[in-house]
Amino acid sequence: MARDVASVARYLHGELLPGAVPGARAVNAVVDMGSFGAPTDRLFATLVVADDEQLRALGDDPDRLALLRDAVVVTDADGPAVREVLLGAEITATVGAATTQELLAPTLTSLLAVDQAAEARAITSAMRVLTLAARRSGITGVIAELAHRIDGWAVLLDRHGEVITTAGAGSLHIDDAIAVAVGRPVRVRHRALQVHPVGPGEDITAQLVTAPRNDSSGRGRELSSQTAALLDLLMRTRDSSHLERLGRSMMFETVLQGGEDAARLLRRWGVHERTLVGFALASRTSGVDVEHLLALWLDELGAEHVFTSQRGLILGAVRDDHAQQIAHRARTYASTLYLGLGRPADIDALERSVDEARHACEAARTGGERVVRYEAIPTVAFVLGQLDRDQTQRIARLLDPLRAADRPDELIQTLRVFLSANGAWGESAARLRIHRQTLTARIRRIEDLTGLSLADPDDRVAAWLALRATDG
């Protein structure tokens, strides 16, 4: 609560004797000496009302003296004998209160009731602002506003202990937050560190760690607890069910096919740009929920969730400026992520950009880099960049037999998908929506027409360069 030990002493016009309880500690309860027991909440102080006779008798009761070290005695009595007992036992006390002994308990009870009502109104007002921040800026806005409201810092971690977003926290604060959240032994540098689970019971989606500047801020604790509930609501609105994932996957396949159907679907999806960037995102460890993490990032950017998951690899498309923001997050994320970015492409050529992103992501894995752009891969951009127009066209002519065959688009698309899937037969057949035997027949026909063997690494490189030369 806002009412602390020192302010109570001032209100009663008494003198505050120092002891084990600091004067800045918040007060949350009032009891008579006769009904006082061991305090149950060390974050708040309990006021114990006692008269002169009860205080003098404490000298013969060491157990009671020990319990009172964690509370605050309030009395209208004063004198050398009373002070000697209190100071000798290091008991924090307000002595010489101007209010008579009979009225002390009801006066303090009324004072705290009014104070708690004011605190409740303040928290309600703060939650209105936090809710508005959630609507305008999502999770990042909520965390930033919370840190401001508690005059401290806040860190939101996912269930694996990875940072989702922070506000007001330095690197040491973040280390403390992670250590406390995952139960790692560490010397915590802030006494008022609070951990609030985001989610009910065992269904925890994240953990909110806060540290108000005032070590005993009850308002900060209550506000953080209610904010955790708000964050749970925000995060669960984007929690994809199996049916939603399936629907998004089918819509994404339609987008990759291009044409008017893709453009119409993207408009209904909330995407109105004609040019997008394909991306592929993966994690080095299975401990990171990449799909959930990406959804949070897109929420923070205000971007639509145009992506799908395929065997731990997240494929999607975003605006170029959003791609840059995702790249920044991938580079600075605590765990190692691999992000591949294709070249910006029109909606009709979006599948090419996504395939490029897939190759760039694989290059990131191989080279140990966090972010790789397709045009920066030496095996493609460098080689084609060294060739003049005639040489590039000569490479592209490698696929002329396919263009002259029956159903050329079908064969070229099959070759593109097969190469982009790194020769994975099952994945290629699934992406083309054909039976595996049909895929085998098409690949054999491509090999017969071009004279290439797609089991040979050199021939696969030549075929991919020919596709890239054609795209250029």
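Tutor: Helix 16 (residues 408-420) and helix 18 (residues 436-450) pack at an angle of about 105°, and their axes lie 10 Å apart. This is a predicted model, in which local features need pLDDT of at least 70, side-chain atom pairs count only at pLDDT 80 or more, and totals for chains, interfaces and linings use all residues. Residues are numbered from 1 along each chain as its sequence is written, and side-chain values use heavy atoms, with hydrogens and water left out.

Student: How are helices and axes defined here, and what word describes the angle between helix 16 and helix 18?

Tutor: Helices (H or I, at least four residues) and strands (E, at least two) are DSSP runs, numbered from the N terminus. Axes are lines fitted to C-alpha atoms, for helices over the stretch in contact, and angles run from 0 to 180 degrees between N-to-C directions. Angles under 35 degrees count as roughly parallel, over 145 as roughly antiparallel, 65 to 115 as roughly perpendicular and the rest as oblique. Helix 16 is therefore roughly perpendicular to helix 18.

Student: Which residues make the contact between helix 16 and helix 18?

Tutor: Contact means heavy atoms within 4.5 Å. Helix 16 contributes Glu-410, Leu-411, Thr-414, Leu-415 and Phe-418, while helix 18 contributes Leu-439, Arg-442, Ile-443, Arg-445, Ile-446 and Leu-449. Sorted by class, the contact has seven nonpolar, one polar and three charged residues. In this sorting, Ala, Val, Leu, Ile, Met, Phe, Trp, Tyr, Cys and Pro count as nonpolar, Asp, Glu, Lys and Arg as charged, and the others, Gly among them, as polar.

Student: Which residues other than glycine have a positive phi?

Tutor: Among them are His-13, with phi near 55°, and Glu-90, also with phi near 55°. His-13 sits in the loop between helix 1 (5-11) and strand 1 (15-17), and counts as exposed because its relative accessibility is 63%. Glu-90 belongs to the loop between helix 4 (80-88) and strand 5 (92-95), and at 43% it is partly exposed.

Student: Where is Phe-279, and what does it touch?

Tutor: Phe-279 is in strand 10 (residues 275-283) and is buried, at 1% relative accessibility. Leaving out residues up to four places away in sequence, Phe-279 touches residues including Leu-294, Val-306, Phe-307, Leu-339 and Ala-357. Phe-279 and Ala-357 are 78 residues apart in sequence, yet their C-alpha atoms are 4.9 Å apart in space.

Student: Is Ile-174 buried or exposed?

Tutor: Ile-174, in helix 6 (residues 171-182), counts as buried because its relative accessibility is 17%. With residues up to four places away in sequence not counted, Ile-174 touches Val-155, Val-163, Thr-166 and Ala-169.

Student: With which side chain does His-305 make a polar contact?

Tutor: A polar contact is a pair of N or O atoms within 3.5 Å; within protein, one must be able to donate a hydrogen and the other to accept it, and residues adjacent in sequence count only if both atoms are side-chain atoms. The partner of His-305 is the side chain of Asp-299, at 3.0 Å. His-305 lies in the loop between helix 10 (290-301) and strand 11 (307-310) and is buried, with a relative accessible area of 6%.

Definitions and conventions. Buried < 20%, exposed > 50% of the residue type's maximum accessible area, 1.4 Å probe, protein only.
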